[in-house]
Amino acid sequence: MTVNTTAAAVLALFLAAACTAPTPPRTQASTVGATACAHPQGPLGTETATTIDVIEQAYFCILGNYYSGPTLDPRTLLTAGFLALTQELDRDGRDVPDATMPALTGDRKADWAAFATAYRKITDQVPDLRDKLAVATLEAIVAALSDNHARWTHDDARPLDYYDGDGYGLGLQANVSSSQTDGSSPRVALAPLFVTTVLGGAARAAGLHPGDVIEAVNGSAPFVDGKVTPAIAALYPTYPEARPVELRLLRQTTGRRWTVTLKPGLYQRDLAALQVVRSKLLNDDVAYVRMTGFAPDSANRVLKAITRLRTGRTLAGVMLDLRGNGGGSPVEVARLVSAFVHGKVTAYQCTVDGRCAKSSTDDTVELLNLPLVVLVDHGCASACEHFSSAVKDLRIGRLVGTRTAGVISGPAQSYLLANNTVLSFPARHHLGPDREVIDRIGVPPDHYVPLTPQDAAAGRDPALAEALTLLHK
């Protein structure tokens, strides 16, 4: 997981309306339904072991509260869970002869009973693997939703010497983001794979530069027939993954080819880069504001920055740089959109049967009455896509760059399971102002301006240059 992805996950959790409930007794499992989880009170307790009862709670919580829960086939979840269970047995060389999938009918309660009976029969034969098998099973059940806003947060450990400003990984960012290597997100990207930013750590120590082309990752091609391969995922390890990653590199400016091995680890990030909102004046008449997330009060900070840059001069417009913005609060999105238009719907949040709630502008926010250009890329996800689609559909500005991530299934709600781990997923599905689906598709730019290896190596920013041109026309 990259720094951007981690930030997006943290923002999604912090937005969520959390919930908790005690694990239902096995004898009551058939009646829990949507009551399998409720809102928590207070901070999380100490995490305890994941058991079949916790898996049961999560199963009924999903079916009762997930936005498509009413139409979800429970066999999809249970089959994925059972597959993960048997694969974990195989990995440990401990397969059980009668570890066969029970017959499932689509009846939620009966299928759970059959699954739980088989699960207990299997795990009773390998008691030392019980914890590992439970974790693998529940992770697979959540993954079976194929939803980029569904996750189970557990074992959230950090390195002993971690502090809030640290990053973890290889210390680089490439033109293909971590979301594009995720099976639940768009996988379209343009070859070649190349370094866009050196953040620190192993990448900096090895002397990598922006623009360096990555010809192979651990001996595998990053693209095959123009399509992204799973090899690219190794560029974005998450803690505690620490396997070295071998890269074969080409520096086009010199023709040098070489191989380097990078070991994931902690690295210090530039403190300025950790600021959610940064601003400056471009060409003495454009208010440039970079926003890395829709964190609390970030919209107000953007508006204050624009007001400060506007003092004593006439601005040609505003340039919002949302590249790499991992998302955050829909409330902040509404406030920022409202500085450019009033009386509009910014998005719809819908149930599986088509009942939709409107997200609308906050018309108490004062209009800026300035032209707007927004820089976007594949790292613009979730709330960032909410904002970008509103800008595009409501025609309040122009988008420049590349298509957004397509990672906006819906606002996540959080549920605290009985072992003090957090399950989160959307209760409603997000649609744009024109009721279009954005999830997995993304928002296309009005002006397509991709970054090339040559641009990165030379320190050029063609999207920013195009945005300046548009604001001065």
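Outside the four places on either side in sequence, Glu-215 is in contact (heavy atoms within 4.5 Å) with Ser-220, Ala-221, Pro-222, Arg-248, Leu-249, Leu-250 and Arg-257. The model is a predicted one, in which local features need pLDDT of at least 70 and side-chain atom pairs count only at pLDDT 80 or more, while totals for chains, interfaces and linings use all residues. Residues are numbered from 1 along each chain as its sequence is written, and side-chain values use heavy atoms, with hydrogens and water left out.

Glu-215 belongs to strand β5 (strands are DSSP runs of E, at least two residues, numbered from the N terminus). Its side chain makes a polar contact with that of Arg-257, at 2.8 Å; such a contact is a pair of N or O atoms within 3.5 Å, one able to donate a hydrogen and the other to accept it.

Ala-221 sits in the loop between β5 (213-217) and β6 (223-224). Setting aside neighbours within four places in sequence, the contacts of Ala-221 are Glu-215, Thr-229 and Ala-231. Ala-221 counts as partly exposed because its relative accessible area is 37%, the class between buried (under 20%) and exposed (over 50%), with a 1.4 Å probe and protein chains only.

Turning to the surface, Tyr-163, Leu-271 and Leu-274 form a nonpolar patch with about 280 Å² of accessible area together. Patch members have over 30% relative accessible area and no salt bridge, and nonpolar side chains are joined within 5 Å. Leu-271, in the loop between β10 (265-268) and β11 (277-282), is exposed because its relative accessibility is 59%.

Conventions
Patches are made of residues with over 30% relative accessible area and no salt bridge: like charges are joined within 9 Å, nonpolar side chains (Val, Leu, Ile, Met, Phe, Trp, Tyr) within 5 Å. Accessible areas come from the Shrake-Rupley method with a 1.4 Å probe; for residues, only the protein chains shown count as cover. A salt bridge is a side-chain nitrogen of Lys or Arg within 4 Å of a carboxyl oxygen of Asp or Glu. Helices (H or I, at least four residues) and strands (E, at least two) are DSSP runs, numbered from the N terminus.
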